[in-house]
Amino acid sequence: MEGGGGPWAQSYMCPWPHRLGAGRAGGNLDVLDGLLAGGPCDVLRNLTGAWSLERSGSWARYVDRPLACRAGTRRAFARERVRRLAADLGLGSRPGSPERRLRRSIRLYNRLRAGLAELYRRRARDPERWPGKDVYRVARAAGAFPPEAYVDFLEEFLREGAHTAGVRGDPARIFVAGLFCEAPPAAFFETLERAGCAVVGDDVAFGPSGWGRKVPESGDPFEALAAAYGAIEGPPAWVPDEDGRRVERFIRRLARLGVDGVLLAAPCFCDPALLEEPALVSALEAAGLPWMSVRFAGGGGSLRVLEEQAEAFADAVRLRGLGV
Amino acid sequence: MRCASEGWAFEKDEGQRAQKALLAGYAARLERARREGRKVVYTFVPGNLVELLHTFDLLAVYPEVAALQAAFRRQGEPSLRAAEARGFSEDVCGYVRLSVGGAPGAGMESWGSRLPEPDLLLAAFVGCFTYVKWFEALRRRYGCPVVRLHVPSLSGPAPEPESVRYVVDQLKRDVIPSLSRLSGRRFDPDRLREALVWSARAEEDFVAVLESARHDPPPIDAFFGAAYYMAPLFTAFRGTPEGAAYYRALRREVEERRRRGRGPATPAGVLDRPRFRMVVEGPPPWSRFGAFWNLFARAGAVAVASTYSKVGGLYDRGFRHDAGRPLESMAEYALGCYTNLSLPRRAELVASYVREYRADALVVHSVKSCKSYSAGHPRLLEELERRTGVPGVMLESDLVEDRYFSEANLRNRIEAYFERRAAARGRG
């Protein structure tokens, strides 16, 4: 994709303008009827507009995530937005009760989230049998297949158990923070594992990482979706810090996962993610957890350099564990 | 304003001198705030709720303005580097780094006065999610509370009713109670209405000043010059008699200049016969403001309309604060600020400026620091050229960082662009 952004490319932006530009140039986006982007992201908001300019008459929506202080205020706004979106997508104009169809969809996605959460739990418990690169591939596939087929595949995958050997020896258990919307190549995780790091947690596919809560399957489905969309949840970069204790909660989460170190991998030019790092670093140092910071730019960086950095990091973590 | 080494000098007009006096006086008041027992609220320019702050006798500080002033006076570099040393990436918005870069407790300065630390951070964020993270960084630094006002983006031609209700609900339940607690005063709706009357008067006169650029020659520069004129309205002087008086006097001054057929003051002197009428999209590079202006002035180009003069409110499309619907009109104001608009709405607006102001040049200035403004700029320029038939030029630098301002490169691009425009005119 890189280098194909053409007139959309800007060197001081995250990779999304390049990706959309490259997709446009290559004709890869021609199969799409519309674009739906969720907030809060100023770049995606503008790119949704750029999509509308590009394809006059084509459907494109940027849906603000409600971030008001009060849950009731957020829910009321989200309710309006969910109903508007449902109307845009023609939910009411198709056969069958919209509520029933929405409930079916909620049930399906609850299964999907539960399956992915189980996958992540197994990875954290036993990274040797559930290597990060495979878990990541499986999680990423959630966005590429019809959900019905994907859920069946995922549940079968979990039933069969892992077959691939993961990191051997005495890997450093690390959490990868900050890559929430970058969608790095699977080779990114493979490289980390080759360097002796077992990835036991990440916020790449943040839905399954324990943040996406179960949506109620009974009652008014619009209300249920509004409450879910209006909840302040997600990777730190995506949500406001309600009580100033978010970093503290993150450190507790790392402790629950038994993490030995953290790889901070904020996307280049992403202000919200980059602005999290100083506070995270302070908290990690206070907690005595080793950390390493790298920049990840949409696959444009050298994985060889990452491997060398990760090897050094894994060694440092192991030596620290030995009290050296 | 002079810079002998860069070869430009600029004699300000009366409105620009008066603006400086007004803002410097306010900065001095801020410096005395602690001694006088006044409470201070930090907030942002787009969608700011200054009338509410007046209602509670609270003083507003705008960290963006303090940051741009530091850059403008070429005093920003130490803070930028200090912020990087403290872990703030160089890729992060320069305004943020400038405001967190000084030593803790050192505070920021404005017009030579030391700004007080905040008692409350009012994160009314419009069109920019970085604002939220910025104030979280300031909360860690100052340990004071934050109240958040989320203003959703605007994709249609007018604010949707649910968006207005959403903002009003936050004003009633979160913002007003927080300000009341801080100030120890009850909310007085009559004081708010009174402030909004002053706002609307100033807005009316400000629009007349901006629209004076429809004339030939334009008596103002609607980008560089307007950056001075807009400051009182976009900050602490909206909703005050002093603010309204400033804009009434400015309007008279500009009308007089128009009557006499005079153009705007620029670093290349007064341009009574500009060669080009340009529309500018994007903010200025504050650390090299004069040098950047000079590149256009030397080409004989005057801005007849700009989007930067709309970041604190889109008044020239009819919006006025309305004392009859105080909270609703504050919500509509915030929703309608320029950087909160979708790209198609922005394209529509800028294209209308090109037509209405009879512009023959189009400049898009994209800055590294501001993703909200700059993401999608190349596509926006394509669209503007298609809609207006006026070829444009895209320039890139930064709001505050000298190292992203390549003067030789910019000069080449600007000179080549206007030469091409002149040649096209000759052929036409």
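In this predicted model, B:P217 is found in the loop of chain B that runs between α8 (189–211) and α9 (224–234), where helices (H or I, at least four residues) and strands (E, at least two) are DSSP runs, numbered from the N terminus. The peptide bond that joins B:D216 to B:P217 is cis, with omega at about 0°. A cis peptide bond, again with omega of about 0°, also joins A:G39 and A:P40, and A:P40 lies in the loop between β1 (34–38) and α2 (42–54) of chain A.

Residues are numbered from 1 along each chain as its sequence is written, and chains are lettered from A in the order in which they are written. Local features need pLDDT of at least 70, whereas side-chain atom pairs count only at pLDDT 80 or more, and side-chain values use heavy atoms, with hydrogens and water left out.

Most residues other than glycine have a negative phi, and most peptide bonds are trans. Against this background, B:D57, which is not a glycine, has a positive phi of about 55°, and this residue is found in the loop between α2 (50–55) and β4 (59–61) of chain B. With a relative accessibility of 28%, B:D57 counts as partly exposed, a term for values between buried (under 20% relative accessible area) and exposed (over 50%), computed with a 1.4 Å probe on protein chains only.

A positive phi, near 50°, is likewise found at B:R358, a residue other than glycine. B:R358 lies in the chain B loop between α13 (343–356) and β13 (361–367), and its relative accessible area of 46% makes B:R358 partly exposed.
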